[in-house]
Amino acid sequence: FYRHEQLGAEQARAILTRLRQPSPVVQQVEKLVRWHLRVTSYHREWTDSAIRRLMYELGEELEQAIALSEADVRASDPVDWPEFEARLNELRTRMARIGEVAEIARTRPLLNGDELMELLGIGPGPTVGEVLGFLLDEQLEGRITTSEEAVEAVRGRFAR
């Protein structure tokens, strides 16, 4: 049903918290349940940057998210399994070509908050987070790869 991944993540958190599971376990299970449909929704039309974003968002939990997606598809409608398995094999091939998950998961903006505040002449606040998010998106899309390119992108987008 619509947004079942959101409700499932909330329920998993509540149940695991009630069972007094360690916080890292609760967070990991909640993340896996929340993101399991991303793997299932993969199609050939996805760009490499969309795959990099998936790898970034799931990070170290990527293989577990794939296993959860496999179980979900097999349990939901086994007739869908062969088609999903083919798409999953293609996704794995593309991920291998793109790079190491651990490397992508460690991606951080090329400039930090202090550098951005100095560059833009602003103080702490939501704008800094917005600019950091913009930089991360640009890096995952492959449009910027150096600090110099990051400075130019920020100036071009946010300078007044």
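Analyst: Before the numbers, a word on how they're defined: an axis is a line fitted to C-alpha atoms, for helices over the stretch in contact, and angles run from 0 to 180 degrees between N-to-C directions. Helices themselves are DSSP runs (H or I, at least four residues), just as strands are E runs of at least two, numbered from the N terminus. Keep in mind that this is a predicted model, where local features need pLDDT of at least 70 and side-chain atom pairs count only at pLDDT 80 or more, while totals for chains, interfaces and linings use all residues. Residues are numbered from 1 along each chain as its sequence is written, and side-chain values use heavy atoms, with hydrogens and water left out.

Let's start with α4 (residues 62-76) and α5 (residues 81-98): their axes are 10 Å apart and the packing angle is about 165°. On the α4 side, the residues in contact (heavy atoms within 4.5 Å) are L62, E63, I66, S69, E70, V73 and R74, and they meet W81, F84, L88, R92 and M95 of α5. Sorted by class, this contact has 7 nonpolar, 1 polar and 4 charged residues. Here Ala, Val, Leu, Ile, Met, Phe, Trp, Tyr, Cys and Pro count as nonpolar, Asp, Glu, Lys and Arg as charged, and the others, Gly among them, as polar.

Now for α2 and α3, whose axes come within 11 Å and cross at roughly 165°. They too are roughly antiparallel, but the crossing of α2 and α3 is left-handed. K31, W35, R38 and V39 of α2 make the contact with A50, L54, E57 and L58 of α3. By class that's 5 nonpolar, no polar and 3 charged residues.

So what sits between these helices and the rest? The largest nonpolar core has 21 residues, and V39, I51, L54, M55, L62, L91 and M95 have the most contacts inside it. Such a core is a set of buried Ala, Val, Leu, Ile, Met, Phe, Trp, Tyr and Cys residues joined through side-chain atoms within 4.5 Å. At least two of its residues come from each of α2 (23-40), α3 (48-58), α4, α5 and α8 (126-141), with α5 giving the largest share, 6 residues. Another core, of 11 residues, lies apart from it and includes V131, F134, L135 and A150.

Leaving out residues up to four places away in sequence, L54 touches R38, V39, W46, G59, L62 and L91.

For contrast, R20 is in the loop between α1 (4-18) and α2, and R20 is exposed, with a relative accessible area of 75%. Its phi is near 60°, a positive value in a residue other than glycine.

How values were computed:
Buried < 20%, exposed > 50% of the residue type's maximum accessible area, 1.4 Å probe, protein only. Parallel < 35°, antiparallel > 145°, perpendicular 65-115°, else oblique. Left-handed = near helix turned anticlockwise from the far one by under 90°.
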